[in-house]
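Dear colleague,

I am passing on the structure below, and the notes after it describe what was found there. Please read them alongside the sequence.

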Amino acid sequence: MQDEPDIRRRFRALIIYWSGTGNTEKVARTIHNTLERQNITSIIMKVEEAEDVELYDYDLVFLGAPSYMWLPPDAIQRFIKNKMKLHDSRGDIKLCAPKLPGKRAVVFCTYSGPHTGLREATPVCKYMGQFFEHLGFDVIEEWYTIGEYHGREDRSTEGCLGDIRGRPNKEDLNQVENDVRRLLSSINAGK
Ligand SMILES: Cc1cc2nc3c(=O)[nH]c(=O)nc-3n(C[C@H](O)[C@H](O)[C@H](O)COP(=O)(O)O)c2cc1C
């Protein structure tokens, strides 16, 4: 009898993130722990440690950042620019960005949205997503998680999203966990 297809046998996941005040790190760690609990080989690293990482060695790459003036912070932008230079010099950046089979990426962002809400976060994921698309990865999801604006109480209580102190909270992280599980089942089902 033929075995059920099971991504656990072959899958390697990588999580790269930058976090100034810990919100994005909480999401990154939740992703990592959930993958591990599902027996997926997963490596987590801060963006500063990921300079030499070979992204094509992984089947599923997560890249996470907070929104800083509605874009990824400098460390993430620098990482992307350096990687683009490297991959361009290797001839990996192809016109019309053909998708490489089995290479998937998920981009995630934490944000406080004090002025315009979610719209302050979408450019972050779009920016990071374009990086992966240029490399031939299929950007399968963008995840947004609300995070307290540490050090600016008014932005965490009177902003567009109301009282966001303590976020991401348990429910937010449960949502992330559910998203990881859902994602894995859909990949496993060949979607
Ligand atoms: C310098 C700075 C700029 C920020 N700019 C934005 C912004 O434009 N839009 C937004 O929604 N949140 C903004 N925030 C809030 C952070 O995106 C939010 O608190 C995020 O969850 C922080 O994640 P971290 O703890 O991983 O650094 C900013 C925070 C800082 C410190």
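A residue is called buried when its relative accessible area is under 20%, exposed when it is over 50%, and partly exposed in between, with a 1.4 Å probe and protein chains only. This is a predicted model, in which local features need pLDDT of at least 70 and side-chain atom pairs count only at pLDDT 80 or more, while totals for chains, interfaces and linings use all residues. Residues are numbered from 1 along each chain as its sequence is written, and side-chain values use heavy atoms, with hydrogens and water left out.

Salt bridges (a side-chain nitrogen of Lys or Arg within 4 Å of a carboxyl oxygen of Asp or Glu) number 14 by this rule. One of them joins Arg-165 to Glu-153, at 3.6 Å from N to O, and this pair links distant parts of the chain, since Glu-153 lies in helix α4 (153-157) and Arg-165 in the loop between α4 and α5 (170-188), twelve residues apart; helices here are DSSP runs of H or I with at least four residues, strands are runs of E with at least two, and both are numbered from the N terminus. Arg-165 also forms a salt bridge with Asp-163, where the closest N and O atoms are 2.7 Å apart. Glu-153 is exposed because its relative accessible area is 52%, whereas Arg-165, at 42%, counts as partly exposed.

Within helix α5, Arg-182 and Asp-179 lie three residues apart, about one turn of the helix, and their side chains meet in a salt bridge of 3.2 Å, N to O. Asp-179 has a relative accessible area of 13% and is therefore buried.

Best regards
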